[in-house]
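Visitor: I would like a close look at a single part of this structure. Please take me through it slowly, and show me what surrounds it.

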Amino acid sequence: MSRQRQNLQFRREQLLRQINAALDLLQGSLHRNPSQRGYHLTAKINQKTVTKYVRLELVPQVRAMTRNHLKLRRLLGRLSDVNWRLLQLPPDL
C-alpha cells in the first residue's frame, strides 16, 4: 500500500472518530430577542423558519449542540475531500 494512501486512510479514520464525537447536535441558531422572554432556537426546515423556546437552564447545552452542528458540517466537507483524494489514487496491486 502506498504511503499516500496510508496517510489518507489514517486521516479518514481520524475524521470519522471526530464526526462520531460530534453527533450530539442541534440545527439552528440560538438567540435572545430583547422584546421576548428567554432564548429561542431558530432553524430553517422545509423552507420555513421554525422557532423554539429554550429554557434558561438548557442554554449552555443548546449552545454546545449548535456548535457541534457547525463542526460536523466542516468535518463532513473534509471527509468528502479525503474520500475524493482516495478515489483519485491508482489502485493498489
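Guide: Start with Thr66, which sits in helix α2. The model here is a predicted one. Is Thr66 buried or exposed? Its relative accessibility is 11%, and buried means under 20%, so Thr66 counts as buried. A polar atom of the Thr66 side chain lies 2.9 Å from the backbone oxygen of Arg63. Now leave aside the neighbours within four places in sequence. Thr66 is then in contact with Leu26, Gly28 and Leu41.

Next, take in the helix as a whole. Helix α2 covers residues 59–88. How far apart are its end C-alpha atoms? They are 44 Å apart. At 1.5 Å a residue, its 30 residues should span 44 Å, so the two values agree.

Not counting residues up to four places away in sequence, Asn68 touches Ala22, Asp24 and Leu25. Asp24 is 44 residues from Asn68 along the chain. Their C-alpha atoms are separated by 6.9 Å.

With a relative accessible area of 33%, Gly77 is partly exposed. Gly77 and Glu13 are 64 residues apart in sequence. In space they are 14 Å apart, C-alpha to C-alpha.

Now turn to the sheet. Helix α2 lies across β1, β2 and β3, and runs at about 30 degrees to β2. In what order do the strands stand? The order is β1-β2-β3, in an open sheet of 3 strands with antiparallel pairing. β1 and β3 stand at the edges, each with a single partner strand, so one side of each has no neighbour in the sheet. Neighbouring strands are turned by 30 degrees against each other on average, with direction ignored. Strands of a sheet pair through backbone hydrogen bonds, either parallel or antiparallel.

Take the β1 side of the sheet. Strand β1 (residues 29–32) pairs with β2 in the antiparallel sense, over 4 bridges. Leu30 has Leu41 of β2 as its bridge partner. Recall that Leu41 is a contact of Thr66. His31 has His40 of β2 as its bridge partner. The hairpin of β1 and β2 has 6 residues between the strands. In this hairpin, Gly38 takes a positive phi near 75 degrees.

The β3 side comes next. β2 and strand β3 (residues 48–54) pair in the antiparallel sense over 7 bridges. Here Lys44 stands opposite Thr49 in β3. The hairpin of β2 and β3 has 2 residues between the strands. In that hairpin, Asn46 takes a positive phi near 50 degrees.

Why is strand β2 called largely enclosed by the rest of the structure? The reason is that 5 of the 7 residues of β2 (residues 39–45) are buried.

Pick out Thr42, which lies in β2. Its relative accessibility is 19%, so Thr42 counts as buried, where the cut-off is under 20%. The side chain of Thr42 makes a polar contact with the side chain of His31, at 2.6 Å. Leave aside the neighbours within four places in sequence again. Thr42 is then in contact with Gly28, Ser29, His31, Thr49, Val50 and Thr51.

One last stop is a charged pair. Side chains of opposite charge can pair when their charged atoms come close. How many salt bridges does a search of the whole structure find? The search finds 1. The side chains of Glu57 and Arg55 meet in a salt bridge, at 2.7 Å from N to O. Glu57 is exposed, with a relative accessible area of 56%. Arg55 counts as partly exposed, at 45% relative accessibility.

Key
Residues are numbered from 1 along each chain as its sequence is written. This is a predicted model: local features need pLDDT of at least 70, side-chain atom pairs count only at pLDDT 80 or more; totals for chains, interfaces and linings use all residues. Side-chain values use heavy atoms; hydrogens and water are left out. Buried means under 20% relative accessible area, exposed over 50%, partly exposed in between (1.4 Å probe, protein chains only). Two strands pair if DSSP finds at least two bridges between them. The expected span of a helix is 1.5 Å times one less than its number of residues. A polar contact is a pair of N or O atoms within 3.5 Å; within protein, one must be able to donate a hydrogen and the other to accept it, and residues adjacent in sequence count only if both atoms are side-chain atoms. Contact means heavy atoms within 4.5 Å. A salt bridge is a side-chain nitrogen of Lys or Arg within 4 Å of a carboxyl oxygen of Asp or Glu. Axes are lines fitted to C-alpha atoms, for helices over the stretch in contact, and angles run from 0 to 180 degrees between N-to-C directions.
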